[in-house]
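Here is a short tour for anyone meeting this structure for the first time. Have a look at the picture, then read on.

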Amino acid sequence: STTIAPKVEELRAFLWANMYKHYKVVRTMSKFSRVVEELYHAFMDDKEILPTKWQNRMAEESDGSKVGDARIVADYIASMTDRYAIKEHERLFEPYWENR
């Protein structure tokens, strides 16, 4: 409604400035973007590090093109929770992960 619209816009502006663009939120999003990007490149560079289920899916569904493989890798990453993606990144990139 016309009476609520200005208040909604005021709230949106406040949230944008004080929450969505807060430096701590931006830092976290930046770190997580790097995690996702590094996972994507790792899986695209070496398909054998994908879990067996996803390797099988790639063998069955991908046409062997980079685009076909990318779709399956993207689907795998999209299926991850944030916490699982971080753990997967640690398993792949931290040399002493198993020794913790």
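A word on residue classes before we start: Ala, Val, Leu, Ile, Met, Phe, Trp, Tyr, Cys and Pro count as nonpolar, Asp, Glu, Lys and Arg as charged, and the others, Gly among them, as polar. Keep in mind, too, that this is a predicted model.

Let's begin with the largest pocket, which holds about 170 Å³ of space. Its lining is made up of Thr28, Met29, Lys31, Phe32, Arg34, Val35, Asp82 and Ile86. H2 and H5 are the elements that give two or more residues to this lining, and H2 has the largest share, with six residues. Sorted by class, the lining of the largest pocket has four nonpolar, three charged and one polar residue.

| Helix | Residues in helix | End-to-end C-alpha distance | Expected span |
|---|---|---|---|
| H5 | 12 residues | 16 Å | 16 Å |

In H5, the buried residues are Ala85, Glu88, His89 and Glu90, and they pack against H2 and H4.

Next comes the largest nonpolar core. In soluble globular proteins, nonpolar side chains tend to be buried together. Here the largest nonpolar core has 14 residues, and those touching the most other members are Leu39, Phe43, Leu50, Val73, Tyr76, Ile77 and Met80. The elements giving two or more residues to this core are H2, helix H3 (52-61) and H4. H4 gives the most, with five residues. As for Met80, leaving aside neighbours within four places in sequence, Met80 is in contact with Leu39, Phe43, Ala85 and Glu88.

One last stop: Asp69, which is found in helix H4. Is Asp69 buried or exposed? Asp69 counts as buried because its relative accessibility is 12%, and the cut-off for buried is under 20%. Not counting residues up to four places away in sequence, Asp69 touches Met44, Lys47, Met58, Ser62 and Gly64.

Definitions and conventions: Residues numbered from 1 in each chain as written. Predicted model: local features only at pLDDT ≥ 70, side-chain atom pairs only at ≥ 80, totals over all residues. Heavy atoms only, no water. Helix = DSSP H or I, 4+ residues; strand = E, 2+ residues; numbered from the N terminus. Buried < 20%, exposed > 50% of the residue type's maximum accessible area, 1.4 Å probe, protein only. Contact = heavy atoms within 4.5 Å. 1 Å grid on protein atoms, 1.4 Å probe; cavity = no way out; pocket = protein on both sides within 12 Å on 5 of 7 lines; lining within 4 Å. Points joined across faces, edges and corners; volume = space filled by probe spheres on them. Core = buried A, V, L, I, M, F, W, Y, C linked by side-chain atoms within 4.5 Å. Expected span 1.5 Å × (residues − 1).
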